[in-house]
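The report starts from one local detail and then widens to the surrounding elements.

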Amino acid sequence: MTDVSQQNQPADYVPPKVWTAKTAYGGQFASINQPYSGARFDQDLPVGRHPLQLYSQGTPNGQKITILLEELLAAGHRDAEYDAWLIDIFKGDQFSSGFVELNPNSKIPALVDYSTEPATRVFESGSILVYLAERFGAFLPREGRARTETFNWLMWQMGSAPFVGGGLGHFYTYAPIKIEYAIDRYAMETKRQLHVLDTHLARHEFLAGDIYTIADMAVWPWYPGSLLGVYGAGEFLEIEQYTHLLRWYHTIATRPAVARGRVVNRTSGAPGEFLRERHDASDFESLP
């Protein structure tokens, strides 16, 4: 029998007693990721004319917030007008002194609400979703089973998709080498989570039941959004077999506010699929 240790990558790899950082593997994030926190350069964040200032990028986590903000505006909440400033995580913008002061974890998205005194900072996408939903009294049931179900699925997404789906995306798309064990491990768990959603949505129109909530806005960009889009893993995972999940996904995709929110702070894509910054509703008129 072949010694499994001989299949290590690299073949002679054995974990040391004490881990040290190295950049030998390179890859897209090699110059960005470091094992310590804090600012790496001094730069203040810009501030626009609206009370809500969003600092983000149009990743799945960033799309959650811009979708909610556009849904709030579509629902008539004029005070939800916002400035969305691009924080290019591939260039390391998240390590500026201004952004680290806003979010010490240096992750997008982050929000400042200047309508309060003093101004309120909010970071972590789930926290921002809850903050805005409660501030405007929309897309989060006030009580009862539907409220609990909304939180159930919101916390499920926060604890599952970024690590599992994002883990698959990293090893399948971004890693400088293909590691079969890592891809298989994450693909297995990602497909299990897709089946969780498909099974639930076979019996419910939306995640919290028959109402559209921040839970749907949180999950939609990730499952199957990121798998079909940035990671290009739709065929690999046989996404087409999850028919109930796709029904839900396409239903939400047809919402005009979702169509707007998903393009904000994105830096690439086909014409009409990205808007680097958003400071007014008229900014969308620049898109084809």
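Glycine 76, which comes just after helix 1, takes a positive phi of about 100 degrees in this predicted model. Helix 1 itself covers residues 60–74, and its 15 residues reach 21 Å from the first C-alpha to the last, which is close to the 21 Å expected at 1.5 Å a residue. This helix is mostly covered, since 13 of its 15 residues are buried.

Part of the setting of helix 1 is a sheet, for helix 1 lies across strand 1 and strand 2 and runs at about 150 degrees to strand 1. The sheet is an open one, formed by 4 strands in the order 2-1-3-4 with mixed pairing. Its edge strands are strand 2 and strand 4, each of which pairs on one side only, and neighbouring strands are turned by 20 degrees against each other on average, if direction is ignored.

| Strand | Residues |
|---|---|
| Strand 1 | residues 52–56 |
| Strand 2 | residues 82–86 |
| Strand 3 | residues 110–113 |
| Strand 4 | residues 120–123 |

At one end of this order, strand 3 and strand 4 pair in the antiparallel sense over 4 bridges. Which residue of strand 4 is the bridge partner of leucine 111? The partner is valine 122. Helix 3, residues 125–136, also packs on the sheet, where it touches strand 1, strand 3 and strand 4, and its direction makes about 130 degrees with that of strand 4.

Terms used. Residues numbered from 1 in each chain as written. Predicted model: local features only at pLDDT ≥ 70, side-chain atom pairs only at ≥ 80, totals over all residues. Heavy atoms only, no water. Pairing = 2+ DSSP bridges. Helix = DSSP H or I, 4+ residues; strand = E, 2+ residues; numbered from the N terminus. Axes fitted to C-alpha atoms, helices over the stretch in contact; angles between N-to-C directions. Contact = heavy atoms within 4.5 Å. Expected span 1.5 Å × (residues − 1). Buried < 20%, exposed > 50% of the residue type's maximum accessible area, 1.4 Å probe, protein only.
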